[in-house]
Amino acid sequence: FLKSCVNMACIGDFDPFTAAIPATKVELTVSCRNLLDRDTFSKSDPSKQYGRTEVIDNTLNPDFVHKFIMDYFFEERQNLRFDLRLEKPLIGIPGKKCGTVIVRAEELTNCRESVMLQFCGNKLDKKDFFGKSDPFLVFYRSNEDGSYTISHKTEVVKNTLDPVWQAFKIPVRALCNGDYDRSIKVEVYDWDRDGGHDFIGEFSTSYREMSRGQTQFHIYEVAHTHTDRHHERTTQINFTVAIDFTASNGNPSQPTSLHYMSPYQLNAYAMALRAVGEIIQDYDSDKMFPALGFGAKLPPDGRVSHEFALNGNPQNPYCSGIEGVMEAYYQSLKSVRLYGPTHFSPVINHVARYASAVTDGSQYFILLIISDGVITDMAQTKESIVNAASLPMSIIIVGVGPAEFDEMIELDGDEERISSQGRLAERDIVQFVPFRDYVDRRGNHILSMARLAKEVLAEIPDQFLSYMRTRGIKPGTSPPPYTPAIHPLLTRRVSRI
């Protein structure tokens with residue numbers, strides 16, 4: 001069994017939460033699996049460059065304890081590069097996979113406590129054939145999806161079955177992310193030089209359990225059983241794009257047209273589509289996007305449609321990735337005839353039909369409408385938005401070109417909640433921006449697209465959360481709470497200092 005001692009303290013180090021940055025703080029945990037073995041007589045000793053993890057000896061499957069805290073912005077693409085290094089850089093062999101890097105992120109709470117812990121063992125299992133065990137402890141925090149993430153590893157105490165490990169100070173955030181009832185798992189291992197450490201046993205506790213009572217000790221029975229929980233439930237983001245093919249955009253073959261396909265640069269529609277789509281696609285697991293058009297005459301009979309598939313397949317309007325959407329858009333410009341009028345309600349209702357079928361929080365729908373001018377079905381569009389406001393759905397409208405966008409500004413609902421026939425929208429689900437306000441004056445299209453994406457996507461997280469909260473839907477699976485044993489071996493309480 002193991003005995004623990006707890007001493008509460010307050011962290012005096014720099015607190016990243018005091019910085020006035022409008023972002024979510026997330027903690028990154030890095031693991032690797034099946035690394036390429038580049039050492040001749042031992043396993044690789046990998047470490048991570050950029051900040052730097054600790055070095056883990058003799059393993060091709062390291063779980064790094066060191067964490068990285070960073071600002072997360074939903075509306076921006078934040079590229080991360082992970083370099084794995086030995087004494088010299090790890091260089092891949094052409095055509096051969098070098099392994100997998102696993103990065104787990106969890107949003108951090110503003111918990112500023114720290115705790116001083118010390119553990120000792122008594123009569124641990126003997127694993128070495130010659131001599132006694134060389135035990136060490138590994139601590140795991142349970143995550144929101146029910147899995148576990150390593151949070152601390154003690155030193156190895158050599159050749160003993162009754163180890164006393166050094167006291168260590170650790171942020172409570174690292175143990176339970178501020179949730180005092182979240183399960184903390186502790187595994188006990190016998191260290192082996194070759195990295196194949198022998199499992200002795202494990203036990204579970206919680207921060208509340210460790211800090212409860214009047215005396216300073218707890219005793220836990222070490223059980224030789226492995227627990228491996230992972231019941232992940234996430235929300236799938238479904239992204240749909242709808243593009244205005246009305247005649248007011250101008251003849252696509254002319255340079256003055258908003259749909260002009262220049263060989264040298266993207267037109268306004270393509271820039272808006274790529275700017276938003278390249279951010280959103282990172283939240284869509286299959287990256288298959290329905291792409292619709294409206295306001296055009298379709299071949300072969302010239303029928304006007306306000307809800308047609310850009311790929312020409314109404315039964316399967318999905319395109320593979322943003323590149324697939326772009327290709328379908330360009331092909332449509334060659335096959336349809338720009339016409340009119342400008343109706344938004346059909347494409348809004350199209351997405352709403354899918355959203356109405358999945359209201360349990362497992363899916364959320366985002367519709368991007370790109371248009372150049374005046375909406376001609378304003379009453380129907382308002383009604384469609386009011387109906388959609390009760391669904392897991394958001395609408396982004398990007399106005400391109402020089403026109404006035406008074407109707408689109410009205411749909412935005414930032415100043416006054418939109419209504420239809422006396423019914424008020426349950427929540428604000430529309431974000432409108434005119435692209436011209438975000439165009440870089442020096443002609444830097446990459447900067448223009450980044451500015452646009454940042455603005456139009458900024459409201460999506462709050463709109464998503466407002467739907468979940470009003471429906472009482474909680475994110476994912478709750479971390480497993482600690483459940484005390486029915487017949488504990490012995491419990492001695494600890495005191496808070």
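Which side chains meet in a salt bridge at 2.4 Å, N to O? They are those of K382 and E410, a salt bridge being a side-chain nitrogen of Lys or Arg within 4 Å of a carboxyl oxygen of Asp or Glu. The pair links distant parts of the chain, with K382 in helix 6 and E410 in helix 7, 28 residues apart. E410 is partly exposed at a relative accessible area of 40%, whereas K382 is among the buried residues of helix 6. Here buried means under 20% relative accessible area, exposed over 50%, and partly exposed in between (1.4 Å probe, protein chains only).

The structure is a predicted model, in which local features need pLDDT of at least 70 and side-chain atom pairs count only at pLDDT 80 or more, while totals for chains, interfaces and linings use all residues. Residues are numbered from 1 along each chain as its sequence is written, and side-chain values use heavy atoms, with hydrogens and water left out.

Taken as a whole, the protein has nine helices and 25 strands; these are DSSP runs (helices H or I, at least four residues; strands E, at least two), numbered from the N terminus. Of its 497 residues, 49% are buried.

The interior comes next. In soluble globular proteins, nonpolar side chains tend to be buried together. A nonpolar core is a set of buried Ala, Val, Leu, Ile, Met, Phe, Trp, Tyr and Cys residues joined through side-chain atoms within 4.5 Å. The largest one here has 52 residues, and those with the most contacts inside it are F245, Y329, L368, I396, V398, L452 and L457. Helix 3 (residues 268–280) gives the largest share of this core, ten residues. Setting aside neighbours within four places in sequence, Y329 touches I243, F245, H259, N267, Y269, A270 and L310. A second, separate core of 31 residues includes W165, V172, F199 and Y207.

W165 sits in the loop between strand 9 (148–153) and strand 10 (168–171). With a relative accessible area of 1%, W165 is buried. A polar atom of the W165 side chain lies 3.2 Å from the backbone oxygen of E155. C120, which is 45 residues from W165 in sequence, has its C-alpha 5.8 Å from that of W165.

Two helices show how such cover is built. Helix 5 (residues 345–355) is mostly covered, with eight of its eleven residues buried; among them are V347, I348, V351 and A355. The buried residues of helix 5 pack against strand 14 (236–244), strand 15 (288–294), strand 21 (363–371), helix 6 (378–388) and strand 22 (393–399). In helix 6, the buried residues include M378, I385, V386 and A388. Their cover includes helix 5 and strand 22, together with helix 7 (406–412), strand 23 (419–420), strand 24 (423–424) and strand 25 (430–434).

Y318, found in strand 19 (residues 318–320), is partly exposed at 36%.

Salt bridges complete the picture, and the structure holds twelve. R33 pairs with D63, their closest N and O atoms being 2.8 Å apart. This pair joins R33 in strand 2 (residues 24–33) to D63 in the loop between strand 3 (47–49) and strand 4 (68–72), 30 residues apart. R33 is partly exposed at 27% relative accessibility, and D63 is partly exposed at 25%. R451 and D440 meet at 3.7 Å, N to O; R451 lies in helix 8 (residues 445–457) and D440 in the loop between strand 25 and helix 8, eleven residues apart. R451 counts as partly exposed at 35%, whereas D440 is buried at 6%. Finally, R274, E278 and E323 are linked in a network of salt bridges.

Conventions
Contact means heavy atoms within 4.5 Å. A polar contact is a pair of N or O atoms within 3.5 Å; within protein, one must be able to donate a hydrogen and the other to accept it, and residues adjacent in sequence count only if both atoms are side-chain atoms.
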